[in-house]
Structure formats: structure tokens, C-alpha cells
Amino acid sequence: MTVWAFNTPDAPEQRKSVYQSIQQGFSRFGWSYSDECNLRTHFWSKENAPQRFLLRIKPGDWVVHVNIPHQGKCTVAQVTSEYTYDEGLKLSQGVDFRHAIGVDPASILEFDRNSPNVLPSVNLKFRGRFQRVLAVFNLLRAGCQTEGRPLSGLDAAPATSPVRK
């Protein structure tokens, strides 16, 4: 299991639309405004290189959208299906966020990224478009503690032990 954290869309309209899509079962990633951005058909293009990581996301992984639904919050969901390229989100500046990963709406967790429940080992400060979160257990524990939900199968693990894969 891998946790992938996505950087924040720029505009409030984008954040709102991405959040609604997550609730409907699709995590979304931008930089996908034309058919030439489809990683399945234009994998080797220079423009698509930074997004190729999306093809490594597998069912059972988790995605974290930082600053979704708004600044300071994180939305986490478990992946149910691999990358697809669809019609995207219709926004005021045009269509974008056509890179889509299926997620389970029942798995959604939301938490304040500055909460004391989020240990320092969960680094959600970005230097690029995405990053992997290596402290998987600590991330999921923070989300579950915030929502008062049990962390099935991981409750007995110590809070300081990151799960790496």
C-alpha cells in the first residue's frame, strides 16, 4: 500500500469541483486540458512526464488531497481503480482535471493538517505536484482520530511506527 499526496489546485472553483468529484468516487489531478495529456495514449511526451506517477497508483493505495476542501484541511480516500482519462471537470477556464483515479467514497477521511494528531513524520509540505507519504500508519491514524472512526486492523500498532513499502 502506498499513499500519494496531491498538491492543491490553485483556484477555489477547482478545489470545490475536485472535492465534489472525490465524494462521487473519483480523485482528480490537473494538467490535463487536452487529449494529448492522456497518459495511456501519449505516455512519452515531454509535457506528460511529470504526471506519469499516476500510472503507478493501484487499488488499495490511498490518495491525499492537501488543502481540499479548503486551506488547512486534507481529504484522504482509498483507491478502488487505476488511472483513467475522462471528460474531466468543466470549469470557468475550460475543461481540466481529466486524470482520474477511482476512490471509495465510504473511505473518505478529512482532517486538519495542522492538528496535533498529525505527527511530524507525516510530511504534507510540498516541493512539487505530488509526493509519497511514507508514514502511512500515522497519516491514517490522524484522519481516523479526527473523525472518531476506528482504524481497522492497525489500532494496535504504535503511533510512532511508520509503515513503509
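Q: What should I know about the ground rules here?
A: It's a predicted model, so local features need pLDDT of at least 70 and side-chain atom pairs count only at pLDDT 80 or more, while totals for chains, interfaces and linings use all residues. Residues are numbered from 1 along each chain as its sequence is written, and side-chain values use heavy atoms, with hydrogens and water left out.

Q: How many helices and strands does the chain have?
A: Helices (H or I, at least four residues) and strands (E, at least two) are DSSP runs, numbered from the N terminus. Here you get two helices and nine strands, in the order β-α-β-β-β-β-β-β-β-β-α.

Q: What share of the chain counts as buried?
A: Buried means under 20% relative accessible area, exposed means over 50%, and partly exposed is in between (1.4 Å probe, protein chains only). Of the 165 residues, 48% are buried.

Q: Which residues of α1 are buried, and what do they pack against?
A: An α-helix has 3.6 residues a turn, so residues three or four places apart point the same way. In α1 the buried ones are Gln 14, Arg 15, Ser 17, Val 18, Tyr 19, Ser 21 and Ile 22. They pack against several strands, including β2, β3 and β4 (73-85); contact means heavy atoms within 4.5 Å. After the helix comes Gly 25, with a positive phi near 105 degrees.

Q: How many salt bridges are there?
A: The rule asks for a side-chain nitrogen of Lys or Arg within 4 Å of a carboxyl oxygen of Asp or Glu. That gives two salt bridges. In one, Asp 86 meets Arg 28 at 2.8 Å, N to O. Asp 86 sits in the loop between β4 and β5 and Arg 28 in strand β2, so this pair ties together parts 58 residues apart in sequence. Both Asp 86 and Arg 28 are buried.

Q: Where do Lys 58 and Glu 82 lie?
A: Their side chains also form a salt bridge, at 3.6 Å, N to O. Lys 58 is in the loop between β2 and β3, and Glu 82 is in strand β4, so the pair ties together parts 24 residues apart in sequence. Lys 58 is partly exposed at 34% relative accessibility, and Glu 82 is partly exposed too, at 37%.

Q: Which residues does Ser 34 touch, leaving out those up to four places away in sequence?
A: Ser 34 touches Tyr 85 and Arg 98. Ser 34 itself lies in the loop between β2 (26-29) and β3 (62-66). Its C-alpha is 8.2 Å from that of Val 95, 61 residues apart along the chain.
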